[in-house]
Amino acid sequence: MLRRRVIPCLDVANGRVVKGTRFVDLVDEGDPPELAERYALEGADELVFLDISAAPEGRGTLLDIVERTARRAFIPLTVGGGVRSVDDMRDVLRAGADKVSLNTAAVADPDLIGACASRFGRQAVVVAIDARRRPAADDWEVVIKGGRESTKLDAVRWAQRVVELGAGELLVTSIDRDGTRSGFDIGLLRAISERVEVPVIASGGAAGPADFVAAVRDGGADAVLAASIFHRRIHSIAAVKQAMADAGLPVRLVPEAAA
Amino acid sequence: MTAFGHVRRVPDVDRVPGEGRALRFAVVDYGAGNLVSIDQALTRVGAEVSIARDPSAFAGADALVVPGVGAAAPAMERLAAAGLVEPIRAWIAGGRPYLGICLGLQLLFDGSDEDGALTLGVIRGRTARLRDAPTLPHIGWNQVERVREHPLFSGIAAAADFYFVHSYAGVPEGPDAEASTMARTSHGASFVSAIARANILGVQFHPERSGADGLRLLGNVVDIVRSGAIATDPTIAVPA
């Protein structure tokens, strides 16, 4: 049976893992390949690198760390942030990434999704959707640039559209919950997972193991992504997976990480 | 040394130096994505890796590895453009060791339902969309359930998890279909996730992305090639 995945997300700026509110108060957390290897040994099912380098010169550094990571952690790696063309995607894949995540660039140019999918296969194209709840309309809107810019797109309809265009997987982040550690937006996850055939990765709001269980059981997510609770060692990957297993969800338990 | 019945130490996946000459694995590069992880994984288990972008790189290789993800038609076009289609067929027909990973396995069949592509035609059957799958693509770790013993899985627990990324899988046909099926996996309906037949080894999952068990499996491939246990099978008909 297909396992539900637990995915640590590493924010990377100029070759280092950083933490902090996206773009501000960044604190150096270490060498990406080193952290990636640690997470892989602890039972991570995949890794996501989110490149938040503001400067273009960060790109070469990013490709270098993608390659160094691919040579140390023998689990799949998705790279997001700053991929704006088929050539960008080719470079990231050639460096050793297995998948690329498109966000702002997909909103700006939806045809990019199909172009990337036909060149590299849809399984390599993850579309990241940052969504903010609109209480008055009782729906969610797509936002870009870390939530600073509104697009007026309905998040559920956008999800269906990007899948039609060629997305092989969706990374759905609740901007309302991101960084708040108040749990995932289950309604958002369910609204999307019920309407698309592709796997949905839940993101934004993880506080503890119970949230991972809820995202899968109630939100219909295939995978759950989190950053700070793993980086700050608030919960281990093994503890999260054990809670999921105890709730009857299929997970890959890594013997060496069980301790 | 031989891998038969040999249980590798856990989690030892590094090779012991001095086991003899390193075997050279030619990994075919036809622009189908990530080669870094397969290069690194094979190197880690003691193989010497060369990247093959044209047929001259096959010379002196002990085994051929065709990786790849994505659709069959563009892959066949790129293989043809690089002049690699006939050399790959000749390699297989000559009884030389071949490892196909994901698309590299699917390309061995007659054709693909995904885009109607005619593929290498080395194994009878077609590549078809996974049936009754709750989600597609089938992305993530899933159990590889063995249906018969093969040194490919030496030292690996039954129904161990491996990483998959695909929507299609090869469906072997003909009298040898069952005998060449080594493992199956379920995502909706069950499909063939590992085959072995004479000099051909193929896995639908990605051992280079499947952690310690994936490295063990690749180490087993190195052992199989080293042992010379691969035999020429005259029943494999390679179309002219």
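Mentor: Start with burial. A residue counts as buried if 20 or more other C-beta atoms lie within 10 Å of its own, as exposed if 12 or fewer do, and as partly exposed in between. Keep in mind that this is a predicted model.

Trainee: Why is A:Arg181 called partly exposed?

Mentor: A:Arg181 has 15 other C-beta atoms within 10 Å. A:Arg181 sits in the loop between β10 (169-174) and α7 (186-193) of chain A. Its phi is positive, near 50°, and it is not a glycine.

Trainee: What makes A:Asn14 partly exposed?

Mentor: The count for A:Asn14 is 17 other C-beta atoms within 10 Å. A:Asn14 belongs to the loop between β1 (5-13) and β2 (16-19) of chain A. A:Asn14 is a non-glycine residue with a positive phi, near 50°.

Trainee: How do you know whether A:Ala159 is buried or exposed?

Mentor: Count again. A:Ala159 has 27 C-beta neighbours inside 10 Å. Buried needs 20 or more. Therefore A:Ala159 is buried. A:Ala159 lies in helix α6 (residues 155-165) of chain A. Beyond four places in sequence, A:Ala159 is in contact with A:Ile129, A:Leu170, A:Ile192, A:Arg195 and A:Val196.

Trainee: Now chain B. What class does B:Asp115 fall into, and why?

Mentor: B:Asp115 has 14 other C-beta atoms within 10 Å, so it is partly exposed. B:Asp115 is in the loop between β5 (111-112) and β6 (125-129) of chain B.

Trainee: Which residues does B:Asp115 contact, leaving aside its neighbours within four places in sequence?

Mentor: B:Asp115 is in contact with B:Ala71, B:Ala72 and B:Ala73. Take B:Ala72. B:Asp115 and B:Ala72 are 43 residues apart in sequence, yet 7.1 Å apart in space, C-alpha to C-alpha.

Trainee: What makes β5 and β10 of chain B edge strands?

Mentor: Look at the order first. An open sheet of three strands in chain B runs β5-β6-β10, with mixed pairing. β5 and β10 (168-172) each have a single partner strand, so one side of each has no neighbour in the sheet.

Trainee: How do you know that β6(B) and β10(B) are paired?

Mentor: Pairing needs at least two bridges. β6(B) and β10(B) are joined by five, and they run antiparallel. Therefore they count as paired. B:Arg129 stands opposite B:Tyr168 of β10(B).

Trainee: Why are β2 and β8 called edges in the eight-strand sheet of chain B?

Mentor: That sheet is open and mixed, in the order β2-β1-β3-β4-β13-β12-β11-β8.

Trainee: Why is α1(B) called roughly perpendicular to α6(B)?

Mentor: The two helices pack at about 65°, with axes 9 Å apart. The perpendicular class covers 65 to 115 degrees. So α1(B) is roughly perpendicular to α6(B). The crossing is right-handed.

Trainee: Which residues meet where α1(B) packs on α6(B)?

Mentor: B:Ala41, B:Leu42 and B:Arg44 in α1(B) meet B:Gly214, B:Leu215 and B:Leu218 in α6(B). That contact has four nonpolar, one polar and one charged residues. B:Ala41 and B:Leu42 are among the buried residues of α1(B). After α1(B) comes B:Gly46, with a positive phi near 100°.

Trainee: What makes up the contact between the chains?

Mentor: Chain B gives 30 residues and chain A gives 31. On chain B, α1 (36-44), β7 (138-143), β9 (161-166), β11 (181-187) and α6 (211-227) each supply at least two. β7(B) has the largest share, six residues. By class, the chain B side has twelve nonpolar, 15 polar and three charged residues.

Trainee: What makes the bond from B:Leu136 to B:Pro137 stand out?

Mentor: That peptide bond is cis, with omega near 0°. B:Pro137 is in the loop between β6 and β7 of chain B.

Definitions and conventions. Residues numbered from 1 in each chain as written. Chains lettered and ligands numbered in written order. Predicted model: local features only at pLDDT ≥ 70, side-chain atom pairs only at ≥ 80, totals over all residues. Contact = placed C-beta atoms within 7 Å. Helix = DSSP H or I, 4+ residues; strand = E, 2+ residues; numbered from the N terminus. Nonpolar A, V, L, I, M, F, W, Y, C, P; charged D, E, K, R; others polar. Axes fitted to C-alpha atoms, helices over the stretch in contact; angles between N-to-C directions. Parallel < 35°, antiparallel > 145°, perpendicular 65-115°, else oblique. Left-handed = near helix turned anticlockwise from the far one by under 90°.
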